[in-house]
Amino acid sequence: MKRSAAAAASAPRTWRNWAGTATALPARWCQPRTEAEISAAVKDAAADGLPVRALGSGHSFTSAAATAGVALDLSRWTGITAADTQTGLVTVRSGTTLQALNAELGRLGLAMANLGDIDAQTLAGALSTGTHGTGARLGGLATQVEALDLVLADGSPATCSAASRPELFAAARIGLGALGVITTVTLRCVPSFMLAADERPVPVDQVLEQFDSLADANDHFEFYWFPYGRQALVKRNNRLSLGDRGPNALGGPGSPPGRAVAAMPGWRRFWEFEVMENAAFGTLCRLGRARPPLIPALNRLSSAALSSRSYADVSHRVFVTPRRVRFVESEYAVPRESLLHVLGELRRQVPRLADPVMFPVEVRVAAADDIWLSTAYGRDTAYVAIHQYTGLPYRSYFDLFESIVAGVGGRPHWGKMHTLGTERLRALYPRYDEFRRVRAEVDPEARFGNAYLTQVLGAPRLPADFP
């Protein structure tokens, strides 16, 4: 068929995700610059009988974005289109990376209320897979969404919010790319703020004893635990007004009494994040991969070498940390009250694995929300993320982890490695079948489907097939 220039496609090329765990060779690769071109690409794909997947930055560890059909690369569809600094409502094109968005919001005197620790993802990709930060009183990124614009499977535009098409909105805020191509996102942002960061090694037994008080006393709390070490790196980030930056600024309720915080000097930031957390740790990881029997000792060395630091900066510079050492990851959301059991089992069983673990375990928290496929739907949540250095065996470790969290109703992060399918997921998500009904209504032919969506959602069914 003849296509418009707006929907012209470039030559096929291989797609690969950041971790190297998924690859695909799309039949067609499109880079639309307008909403009309996105719609044209979807219509052309339908005419040719091809599936469509929107591409983000490839930071999902699953094959969520993989397709043999049309790869819709949104890297040229970026930027803020509208902003109201009084209400905090900001409309953003879906291909905008979080890094670029944070910079643009900063220039407007605004910020996102919460972020994860990586900013390379596109906004739509981060939302669609349920990306979250940490904070016992805060939800994930999707809870900051006020409205979405999508292109549906027939190429038509759709707008949804709590007031307009509320069921589509409840599903699409974390929609796995299964409902349509998100074109713009309207976010509820907050005035720019500073974070006072306090990061220090603490015996892991002490962290677990104080877990609830640490989570509740700090705006943002997380910790990293090296499986063979005795220390955890505890991170406590608390909010300051913009006027509090400087040597007289004090940390929030979780900071040590009387500790002043100021911006980290450039040389120290380079040393801590680039030299120690990336270059030095990467060297240890490569040594461990070459000599696996050394890994427990190297892991304990990493734990013992953890250092303390306190500083203040604009929020996104504290939330985000450079990650240059490649790894594979699985993360599960568990009821917050189940965390100590999960970590206790990991502490007991990981040392028995035949293949030792090089990377730390990360623990974060979030408040309950009402988004249908949110991992925090209906319950206050603790997130446990496990990692392994790229090139090292990880399957037995990840299987062990899945067996532990299965006993407490763990829900897998949609963008990280897991083996769950439709029957298990239906039992974990009270609104799972409602999501599938909405999917069947807006995409009955699975135009936006792929193998991963078949694994986690099954094939669409007609609305009449649902109870």
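**Entry 1: leucine 287**

I started at leucine 287, which is found in helix α7 (residues 266–290). I take helices (H or I, at least four residues) and strands (E, at least two) as DSSP runs, numbered from the N terminus. The model is a predicted one, where local features need pLDDT of at least 70, side-chain atom pairs count only at pLDDT 80 or more, and totals for chains, interfaces and linings use all residues. Residues are numbered from 1 along each chain as its sequence is written, and side-chain values use heavy atoms, with hydrogens and water left out.

Leucine 287 is partly exposed, with a relative accessible area of 39%. For these words I use the following cut-offs: buried is under 20% relative accessible area, exposed is over 50%, and partly exposed is in between (1.4 Å probe, protein chains only). Not counting residues up to four places away in sequence, leucine 287 touches Leu294 and Leu298; contact means heavy atoms within 4.5 Å. I also looked up the C-alpha atoms of leucine 287 and leucine 298: they are separated by 8.7 Å, and the two residues are 11 residues apart along the chain.

**Entry 2: an open sheet**

I next looked at a sheet of five strands. It is open, its order is β6-β7-β11-β9-β10, and the pairing is antiparallel. Two strands pair if DSSP finds at least two bridges between them. β6 (80–84) and β10 (157–161) are the edge strands, each pairing on one side only. On average, neighbouring strands of this sheet are turned by 15° against each other, direction ignored. Axes here are lines fitted to C-alpha atoms, for helices over the stretch in contact, and angles run from 0 to 180 degrees between N-to-C directions.

Helix α2 (residues 98–107) packs on this sheet and touches β6, β7 (89–93) and β11 (181–188). The direction of α2 makes about 40° with that of β6.

β9 (residues 145–151) and β10 run antiparallel and are joined by five bridges. Leucine 148 has cysteine 160 in β10 as its bridge partner.

**Entry 3: strand β19**

How many residues of β19 are buried? Nine of the nine residues in β19 (residues 327–335) are, and the strand is mostly covered. β19 pairs with β21 in the antiparallel sense over nine bridges, and the bridge partner of proline 335 in β21 is threonine 381. Strand β22 (residues 411–412) also runs antiparallel to β19, joined to it by two bridges. There, arginine 411 of β22 stands opposite alanine 333.

**Entry 4: salt bridges**

I counted a salt bridge where a side-chain nitrogen of Lys or Arg lies within 4 Å of a carboxyl oxygen of Asp or Glu. By this rule the count comes to 30.

One of them joins the side chains of arginine 173 and aspartate 370, at 3.7 Å from N to O. This pair links distant parts of the chain, 197 residues apart. Arginine 173 is in the loop between α4 (166–172) and β11, and aspartate 370 is in the loop between β20 (361–366) and β21 (381–389). Are the two partners buried or exposed? Arginine 173 counts as buried at 10% relative accessibility, while aspartate 370 counts as exposed at 51%.

Arginine 431 forms a salt bridge with glutamate 434, and the closest N and O atoms are 2.5 Å apart. Arginine 431 is partly exposed, with a relative accessible area of 24%; glutamate 434 is partly exposed, also with 24%.

I noted one network as well: salt bridges that share partners join Asp117, Glu199, Arg268, Glu272, Glu277, Arg309 and Arg323.

**Entry 5: helix α10**

Arginine 348 forms a salt bridge with glutamate 345, with the closest N and O atoms 2.6 Å apart. Both residues lie in helix α10 (residues 339–349), three residues apart, about one turn of the helix. Arginine 348 is partly exposed at 40% relative accessible area, whereas glutamate 345 counts as buried at 18%.

I then looked up what α10 packs against. α10 and helix α11 (residues 395–406) pack at an angle of about 145°, and their axes are 10 Å apart. Val342, Glu345, Leu346 and Gln349 of α10 make the contact with Leu400, Phe401, Ile404 and Val405 of α11. These residues divide into six nonpolar, one polar and one charged. In this grouping Ala, Val, Leu, Ile, Met, Phe, Trp, Tyr, Cys and Pro count as nonpolar, Asp, Glu, Lys and Arg as charged, and the others, Gly among them, as polar.
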